[in-house]
Amino acid sequence: MTNVTLVASMVPLLLGGLLAWTGAGKLLSRAARVQAARTALPRLTGGPGRAAVVLRAAGGAEAVLAAGLLAAPAAPVTGAATALLGAGFLAYLAYARAVDPGASCGCSARETDPVTWHSFVRAAAVAGGGVLAAAAAQPWWQALAERPAAAAVVLAGGAAGLAFLSAGPRRRWAVPLRRLRLRLSGHPLRAAGHGGTVPVAASVELLERSLAWEAAAPLIRSGLVEHWEEDGWRILHYTGVDATGERERPVSVVFAMDATATLEAARGHVIRVSVVDQETEEVVTGRLIREPLRLAG
């Protein structure tokens, strides 16, 4: 088996995983209408309702092709259909970039960023990968069994490339790097008088019993998405929806609380609440609760 044949045989596994992820995000999203409204689809289809239908239909096509690539990777028809899907994505991205440069790509679940070169390269990878998949001489599991080490290298490299393209703009990977920098530079979360790190669960429990949480709770639609520590603050990030009249917009609800705060020593601490529009990154509203920190209930 040549290296080209090996790559062609492993591509269906990579593309199947990618399309399963993006397709599931579109099909299972509880806010498909909001997600579609951020894209250029309403202009193309004539309204947000039709755009949501098209978005879910695209997710369904991705899911079907993912199943075909994973279960019957050597079928030329499945590879050709995947190549056509990638070409369709490229055409849509070019349209979106031309008529609405600020519109979201909508390529994956929770996609809020405008169309970038990442989007075009990812769509081109789907199209090109479909061509390779159509030419695959054997299924991926057979190639994996015959040359496990080489196949693992191909999978690792392909997965890393797709992950980078799916990560999008800098702010997607800047936060993990910032967390790593804080850990390495000696900013542990120390509790005053306790001699140890305040568990995240303790901070969340304190937050959820506070009036700050009670005030922001109507907006929140998720559990804790991420958290990090910086300059003595513990940052807790949630996502939500801000409904103003008939319009709904996705928002990030960010709480910043004293890193040393615990239920036993809640008084004298502060919680800051910021609600940020995910599309424009503008602050929707902000609230500062100063000492004493009052607990609800």
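**α1 against α4**

I looked up how α1 and α4 run, and they are roughly antiparallel to each other (angles over 145 degrees count as such). This is a predicted model, where local features need pLDDT of at least 70, side-chain atom pairs count only at pLDDT 80 or more, and totals for chains, interfaces and linings use all residues. Residues are numbered from 1 along each chain as its sequence is written, and side-chain values use heavy atoms, with hydrogens and water left out.

Helix α1 covers residues 3-28 and helix α4 residues 48-71. Helices here are DSSP runs of H or I, at least four residues, and strands are E runs of at least two, numbered from the N terminus. The two axes come within 7 Å and cross at roughly 150 degrees. I took axes as lines fitted to C-alpha atoms, for helices over the stretch in contact, with angles from 0 to 180 degrees between N-to-C directions. The crossing of α1 and α4 is left-handed (the near helix is turned anticlockwise from the far one by less than a right angle).

I then listed the contact (heavy atoms within 4.5 Å). From α1, the residues include P12, L13, G16, G17 and A20. From α4, they include L55, A58, G59, G60 and A63. The residues of this contact divide into 14 nonpolar, 6 polar and 3 charged. Nonpolar covers Ala, Val, Leu, Ile, Met, Phe, Trp, Tyr, Cys and Pro; charged covers Asp, Glu, Lys and Arg; the others, Gly among them, are polar.

**α4 against α5**

I followed α4 to helix α5, residues 76-99. They pack at an angle of about 145 degrees, with axes 10 Å apart. This crossing is left-handed. E62, L65, G68 and L69 of α4 meet T78, A81, T82, L85 and F89 of α5. I noted 5 nonpolar, 3 polar and 1 charged among the contact residues.

**L14**

L14 is found in α1. It is buried, at 17% relative accessible area (buried means under 20%, with a 1.4 Å probe and protein chains only). Beyond its neighbours within four places in sequence, L14 is in contact with V154, L155, G158, A159 and L162. L14 and L69 are 55 residues apart in sequence and 9.0 Å apart in space, C-alpha to C-alpha.

**α6 and the whole chain**

Helix α6, residues 117-134, has 18 residues. It reaches 26 Å from its first C-alpha to its last, close to the 26 Å expected at 1.5 Å a residue. Its buried residues include H118, R122, V126 and G130.

I closed with the totals. The chain has 11 helices and 5 strands. Of its 297 residues, 41% count as buried.

How values were computed: The expected span of a helix is 1.5 Å times one less than its number of residues. Buried means under 20% relative accessible area, exposed over 50%, partly exposed in between (1.4 Å probe, protein chains only). Angles under 35 degrees count as roughly parallel, over 145 as roughly antiparallel, 65 to 115 as roughly perpendicular and the rest as oblique.
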